[in-house]
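This report looks at the pockets of one protein and at one of its helices. Please keep the sequence and the structure in view while you read.

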Amino acid sequence: MKQFKFLQPLPPPFTYEEWKDQPFGERLRMLCVAWATQGYGSPASIYVFYILKIGLYVGMWGFFCGFNTALGGWDTIGEWWFKLESLQIAVIWSILFEILGLGCGSGALTGRYMPPFGGFLYWLRPRTIKLPLFPGAPLIGKDSRSIIDVLLYLGLLIFLVRALIAPTIDMDHVLPIIVLLPILGVLDKTLYLAARSEHYVIALACFLFPSDALPALKLVWLAIWWGAATSKLNLHFPGVVDVMISNHAVLRSKWLRKKLYKDYPNDLRPSTLSAVLAHLGTLTEYLFPLVLLFGTGGDMTTIALLVMFGFHLYITSSIPMGVPLEWNVIMVFGAFVLFGGHAEVWAFSVQAPLLIGVLVCSLVLLPVLGNLFPERISFLLSMRYYAGNWAYSAWLFKGESEDKLDDHLVKVSQTVGKQLDGFYEKSVSELLISKVIAFRHMHLHGRALHELIPKAVDDIEQYTYRDGELVAGVVLGWNFGEGHLHGTQLLSSIQKRCKFESGELRCIMVESQPLFKPYMAWKIVDAKDGVIETGRTNVKALLDLQPWPTR
């Protein structure tokens, strides 16, 4: 495969030899400067892969709609696409798509090269590592996937397909899915998050109340928009915008990309332009859903729908790291069905007390608690989406100790470096993996590592630096920006199997910034010896730092 030019990434503006001979801080600076104008440098074939995957997602939705007697085929789509049954099938199909590992967290832009998917390849395989909700508890707290886990997961897949091919979807089809997913989530948190349950399971629950389904679903969509907008009211988000546009699949102007930074290439902090674009995005997610909420189907509703279509199209066209592409598609589709096809339904007209309780807990209580106590609740359940304020980790393997992951763990794929070696020369592989480190440091939260890496290890040059996302993707079969997946629980499970010596694996784990608090909490953990040091970093102080250490 190494000779295929269509797989070759964009080369950085320096040679591997020039880069390799520099100390860590200078190597990082060179990578950050390269990211500013060329992003990850993915070859065009990678973007084609994701476009085809969106086509599969939409095409299979249409295929499953053909089974439903209330809908029809592609030739009559104009007559039925706005019916609520079409959105119900989209929700169920999205759960299946995501729980198979085909959606978020798939492909090269999530560090998954061969195979390009995790998901079912892991979750149908006994003895792979899992993250139980109650680790150590009898029966449900084991960290190794059993036959029971596999059968329950397989049962969920069967129930999802059963619902999708049913002539009419009723409670008997929906209820088993809603019951099984939380059970699987107790046995392995990864599965519940991978299904994007904070959106799809709540939406599916709305269909159990036919007379209230429409207004309840409107509230789900509104909560997602407003939750995402609220999460962007921080110091982190301008730094997300410049990194995201620098990696945009369509907006490739180097002039524009340089303008996103204060003084390229010397000062790569976000420019005023990045801050303005960030605030405009936040305003869009607040204002136009508000128009949809009070819209009655007239011109203002149409304008708001077109704006939100453009908003999600922009995100999708960027093909961002993590690739929540199909999720953006269903957000747009749901907006047109709910607020376009059924504009007359008032969102706050839900009557069923049980459904009201579910909506309040999932759309209000969990997001509020998740923002106040981010260490307790996933950023997905908190609806704190692409805002730059995530928990993350850096894994530092001394010498060749990373090989222990391949030697001692049951998994499907090799470590990312070895995956890349199947496609590229060693020099290209190393630069690509290192660009993931640049991605992390270019976000505001990553600059805390300037202080933390020297605390964790005496000499970074003796260590292989891996972002925790890459470790989780290899070990768990799924990763999507959820730093809690590669926290101390995963480290403990890996250590039980790999038995790293003292100092052989050090992890830096940084928590999200809580709402109304000025800091991010962190801890440094040795795989064998446990927690070495804890502390807090003032977020505002990071604004003065470059993405690379300057001393």
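Helix H14 contributes the most to the lining of the second largest pocket, namely five residues. The model is predicted, so local features need pLDDT of at least 70 and side-chain atom pairs count only at pLDDT 80 or more, while totals for chains, interfaces and linings use all residues. Residues are numbered from 1 along each chain as its sequence is written, and side-chain values use heavy atoms, with hydrogens and water left out.

A pocket here is an open set of points on a 1 Å grid where a 1.4 Å probe fits, with protein on both sides within 12 Å along at least five of seven lines, and its lining residues have an atom within 4 Å of a point. The volume is the space filled by probe spheres set on the points.

| Pocket | Volume |
|---|---|
| Largest pocket | About 1100 Å³ |
| Second largest pocket | About 940 Å³ |

Among the 48 residues lining the second largest pocket, those closest to its centre are Met244, Ile315, Pro320, Met321 and Tyr386. In the largest pocket, helix H8 (residues 171–187) supplies the largest share of the lining, four residues.

Buried residues (under 20% relative accessible area, 1.4 Å probe, protein chains only) of H7 include Asp149, Tyr153 and Leu160.

Key
Helices (H or I, at least four residues) and strands (E, at least two) are DSSP runs, numbered from the N terminus. Buried means under 20% relative accessible area, exposed over 50%, partly exposed in between (1.4 Å probe, protein chains only).
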